[in-house]
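Look over the sequence and structure before reading on.

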Amino acid sequence: MSTEKLVVTASPHIRSQDSVPRIMWHVVASLVPVVLAAAWFFGVSALLQIATAVIAAVLTERLTGKGGAIADGSATITGLLLGLTLPAGFPLWMTALGTAFAIIFGKQVWGGLGQNVFNPALVGRAFLQAAFPVAITTWPSPGGGFFALHGDLFAIPLTHPLPNAVTSATPLGLLKFEGKGTAISNLVIGSTGGSLGETAALVILAGGVYLAWRGYLNWRVPVSILATVMALSAIIHFIDATKPGALFMIFSGGLMLGAVYMATDMVTSPITNLGKWVFGVGIGILVVVIRVWGGLPEGVMYAILFMNALTPFINRATQPRVFGTRLVSVT
Amino acid sequence: MSNLAWIFVSTLLVNNFTLVMFLGLCSFFGVTAKIETAWRLGLANTFVLIITAVSAWILNTYILTHTPYLRTIAFIVVIASAVQIVEMGVKKYLPVLFRQLGIYLPLITTNCAILGLALFQTSRHYTFVEGLVFALGAGFGLTLALSLLASIRERMEVADVPVIARRMGLVLVAASCLSLAFMGFAGMGSQ
């Protein structure tokens with residue numbers, strides 16, 4: 001009967017239950033309400049779009065990854081997030097192509113999960129934006145019955161999609177190109193034109209709060225992004241009243257999805273807490289600059305990609321001081 | 001004043017010489033293995049760019065007013081001598097950097113970004129101060145692009161990159177992702 005009182009092991013001594021797959025599947029679970037909200041507003045087209053993206057992501061991961069790589073759920077997240085950034089009527093072959101691009105060139109060539117510098121979903125989205133600029137900015141208006149198919153989902157690959165949907169500009173596009181505002185209440189609920197996950201700001205926020213409470217995302221990133229965007233746009237709105245106000249800015253476009261789910265990607269954001277503040281403030285500034293002065297109505301994707309590129313720098317610059325290294329002059 | 005600020009921001013980010021206009025790619029891929037070398041090459045480039053901008057302005061305004069067909073040749077001569085000066089300076093005062101840069105230091109001569117700057121400056125009829133700011137923006141833009149790629153490459157060193165993408169393959173992917181990120185500034189200031 002050996003009742004050892006003293007067990008000697010190497011550190012760490014306190015372990016948590018968390019593992020990469022566990023965190024990833026929690027993120028997937030927290031995205032389910034966002035997907036449901038998209039389905040509520042855009043009907044079955046939204047589900048087709050997201051399902052295509054997820055299936056393409058997992059298949060690509062299976063074909064190119066090391067054994068068992070799909071079990072960690074990261075490919076599912078990439079697919080979900082990419083699907084949520086697309087308009088409901090986006091041709092499905094383009095979705096599949098973009099997702100495959102995201103997995104291969106956003107993640108796998110870098111060495112797989114944990115070694116990529118850029119957020120894979122955003123690499124895929126930026127690729128689609130560059131390759132199909134018209135199709136990706138044709139937003140169907142929400143509604144029109146659950147089973148109504150928006151746009152030209154089943155366009156034959158390499159052909160032009162047929163413009164057969166009732167389209168509506170996004171709130172940001174309306175403001176930038178036509179000078180029209182949108183009611184804040186519509187933005188918060190999500191009954192506006194836009195990409196699938198752009199519209200339901202509250203649902204996304206709830207998912208983010210849940211993940212932050214579980215400790216699976218660092219609250220500093222979304223808080224600093226949203227605070228920076230609010231502060232800057234309030235100042236700009238105060239100086240020039242034709243520019244959008246703070247509430248409009250944070251509830252419109254992909255800012256909520258980007259701030260909560262994309263910028264907080266553990267792999268592509270800085271490691272230190274100070275670095276996370278720098279990262280978030282940088283994204284906030286870039287978002288406001290691109291939205292207010294840029295040629296594009298929306299800039300969250302580019303802002304995050306740009307700060308992803310700066311992340312190795314931020315990590316270098318914000319290394320915490322090593323204790324015991326300060327030289328004390330002895331007299 | 002706001003015009004000058006705009007020229008600076010526009011050449012630094014919106015029309016970044018390397019990542020948006022794809023000029024000067026040889027040193028972009030050749031000397032970005034380490035950050036220290038990369039940003040110093042960027043500064044050397046900036047220096048040459050400024051000399052080029054000043055000389056191009058003098059040539060355009062006083063010397064080549066009636067002989068525009070001599071411009072390209074005159075620019076090339078000016079750039080080559082500016083690079084010679086930089087090379088001698090670096091060799092004398094920063095011998096370590098001189099060895100790290102190797103062939104890429106004299107190759108600044110053939111860096112299309114520099115001839116590009118002189119030609120853009122001519123076609124856009126910049127004044128002396130505007131040309132100077134243009135050269136500063138372009139130089140800092142090059143330095144920014146070089147340092148960004150170098151910092152990404154330093155991180156790639158420790159990554160488990162698949163055989164098919166080792167070395168230059170992944171560097172090209174990284175550069176194109178950087179370029180995608182810079183697309184967000186496209187069209188800025190057009191309205």
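Which residues do ring pairs link into a cluster with F17(B)? Ring pairs join F17(B) with F120(B), Y126(B) and F134(B). The model is predicted.

**Aromatic pairs**
- Over all chains, the search finds 16 aromatic pairs.
- W219(A) and W277(A) are edge-to-face, because their planes stand at 80° with ring centres 5.7 Å apart.
- W219(A) lies in the loop between helix 8 (201-214) and helix 9 (220-239) of chain A, while W277(A) sits in helix 12 (residues 273-293), 58 residues apart.
- W219(A) is partly exposed at 42% relative accessible area. W277(A) is also partly exposed, at 33%.
- F17(B) and F134(B) also pair edge-to-face, 6.0 Å centre to centre with 70° between the planes.
- That pair bridges 117 residues, from the loop between helix 1 (2-14) and helix 2 (25-30) of chain B to helix 7 of chain B.
- F17(B) and F134(B) are both buried.

**Interface of chain B and chain A**
- Each chain brings 32 residues to the contact.
- About 2,600 Å² is buried between the chains, and carbon and sulfur atoms give 71% of that area.
- The chains share 2 salt bridges. One of them joins the side chains of E36(B) and R316(A), at 3.4 Å from N to O.
- Polar contacts link 4 residue pairs across the interface.

**The chain B side**
- Helix 3 (35-63), helix 7 (128-156) and helix 8 (168-182) of chain B each supply at least two residues.
- Helix 8 of chain B gives the most, with 8 residues.
- By class, this side has 22 nonpolar, 6 polar and 4 charged residues.

How values were computed: Residues are numbered from 1 along each chain as its sequence is written. Chains are lettered from A and ligands numbered from 1 in the order in which they are written. Side-chain values use heavy atoms; hydrogens and water are left out. Contact means heavy atoms within 4.5 Å. Buried area is the accessible area (1.4 Å probe) that two parts lose on being put together, summed over both. A salt bridge is a side-chain nitrogen of Lys or Arg within 4 Å of a carboxyl oxygen of Asp or Glu. A polar contact is a pair of N or O atoms within 3.5 Å; within protein, one must be able to donate a hydrogen and the other to accept it, and residues adjacent in sequence count only if both atoms are side-chain atoms. Helices (H or I, at least four residues) and strands (E, at least two) are DSSP runs, numbered from the N terminus. Ala, Val, Leu, Ile, Met, Phe, Trp, Tyr, Cys and Pro count as nonpolar, Asp, Glu, Lys and Arg as charged, and the others, Gly among them, as polar. Rings of Phe, Tyr and Trp (its six-membered ring) pair if their centres lie within 6.5 Å; planes under 30 degrees apart count as stacked, over 60 as edge-to-face and the rest as tilted. Buried means under 20% relative accessible area, exposed over 50%, partly exposed in between (1.4 Å probe, protein chains only).
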